[in-house]
Amino acid sequence: MLPRIADSLSFLYLDKVRVVQDDTGVCAQIQADKNRTDTVYIPTAALTCLLLGPGVSITTRALSTLARHGTSVVCTGAGGVRAYAGILPDSLTTHWLEQQVTAWSDPQQRLATATRMYEMRFGDGSVPDGTTLAQLRGMEGQRMKALYKLLAQQHGIGRFRRNYHPDQWHQQDPVNLALSAANTSLYGIIHAAVLAIGCSPALGFVHTGKQHAFVYDIADLYKAEATLPVAFSLHQSANPEQEARGKFREELRLIRLLPRIIRDIQTLLTPDADTDDDHPERHDVHLVHLWDPKTGVLPAGVNYAPDGG
């Protein structure tokens with residue numbers, strides 16, 4: 001039995017190692033010196049996301065084990081440029097994907113879902129009834145400006161401006177570097193959670209046009225409490241990217257983010273349903289079904305040719 005995604009470890013970052021599968025499990029091999037190689041075993045079955053930084057090589061056997069355990073693999077390059085490799089276990093139903101597609105494909109439901117996403121950022125009772133999506137976008141912009149100003153004042157920083165330019169990576173200040181690194185880790189965890197319940201990372205409600213639009217949608221629910229405080233606290237760091245990953249990992253233990261991600265995705269897609277018991281994260285699927293316009297589904301593995309044909 002694999003651990004539930006909500007109970008898994010958050011993420012592990014590796015760089016300058018070789019990831020292989022041996023007789024015991026998946027391990028990272030580190031060349032300590034020319035005469036010694038150190039080995040660190042990776043708890044793949046209990047790990048949500050594996051971040052592979054520069055200098056990492058990985059074998060197909062190791063990737064097969066990660067795929068079997070439903071662990072997301074995220075390759076991060078120099079400058080924080082992200083490229084996701086989505087790995088799905090075969091033990092998922094399409095229940096949550098169908099809920100997502102239904103809400104995404106209907107303009108009214110999509111608008112309602114996007115509105116709920118903005119409302120979740122503000123908290124209960126803070127959004128007046130009848131607020132339009134355009135007004136919500138404006139309110140969110142003001143909220144972020146106020147949060148930047150507050151955090152800058154708390155840490156004795158001058159005016160802060162968010163700046164993300166991968167082609168000018170080393171010209172950025174420590175806060176921006178730390179924020180990009182922490183956000184990359186957050187995206188990886190959310191991407192793994194989205195895949196774990198069978199949703200599509202591409203079908204976003206607020207964001208659109210990217211293969212990870214839904215990941216960005218969900219990540220925006222937590223940045224104000226999960227990554228921004230971490231980044232501003234590292235404004236004097238000499239190595240903000242590495243320290244941001246470590247500090248962000250520690251903070252995740254306090255805010256218990258993974259269970260919230262699963263619960264919030266389910267609530268957003270089916271706001272009136274009891275998501276805790278009716279449809280858990282994973283189901284064992286022994287047979288695939290056939291779609292029928294009248295009955296919904298039909299059993300597979302049956303020959304439906306008419307008798308006497």
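## Helix α1

Buried denotes under 20% relative accessible area, exposed over 50%, and partly exposed the range in between, with a 1.4 Å probe and protein chains only. In this predicted model, local features need pLDDT of at least 70 and side-chain atom pairs count only at pLDDT 80 or more, whereas totals for chains, interfaces and linings use all residues. Residues are numbered from 1 along each chain as its sequence is written, and side-chain values use heavy atoms, with hydrogens and water left out.

Helix α1 spans residues 60-68, and A62, T65 and L66 are buried there. Seen down the axis of α1, these buried residues fall within an arc of 100° and so line one face of the helix; the arc is that of the directions from the helix axis to the C-beta atoms. T60, R61 and R68 are exposed on the face of α1 turned away from the buried side.

## Overall composition

The protein chain contains 10 helices and 10 strands. Helices (H or I, at least four residues) and strands (E, at least two) are DSSP runs, numbered from the N terminus. Of its 309 residues, 43% count as buried. The protein chain exposes about 16,800 Å², of which carbon and sulfur atoms supply 52%, by the Shrake-Rupley method with a 1.4 Å probe; for residues, only the protein chains shown count as cover.

Among contacts (heavy atoms within 4.5 Å) in the protein chain with a separation of 6 or more, 62% come from residues 24 or more positions apart.

## Nonpolar cores

A nonpolar core is a set of buried Ala, Val, Leu, Ile, Met, Phe, Trp, Tyr and Cys residues joined through side-chain atoms within 4.5 Å. The largest has 30 residues, of which I190, C199, F214, I218, Y222, I261 and I265 touch the most other members. At least two residues of this core come from each of α2 (95-105), α3 (107-122), α5 (174-196), α6 (213-219), α9 (240-255) and α10 (257-269). The largest share, seven residues, is supplied by α10.

Not counting residues up to four places away in sequence, I190 touches V215, I218, A219, Y222 and I261. Another core of 17 residues lies apart from this one and includes M144, L151, A231 and A244.

T270 is placed in the loop between α10 and β9. This residue is buried, with a relative accessible area of 12%, and its side chain reaches the backbone oxygen of Q266 at 2.8 Å.

Strands β9 (residues 289-292) and β10 (residues 296-299) run antiparallel and are joined by four bridges; strands pair if DSSP finds at least two bridges between them. The hairpin from β9 to β10 passes through three residues, and D292 stands opposite G296 in β10.

How values were computed. A polar contact is a pair of N or O atoms within 3.5 Å; within protein, one must be able to donate a hydrogen and the other to accept it, and residues adjacent in sequence count only if both atoms are side-chain atoms.
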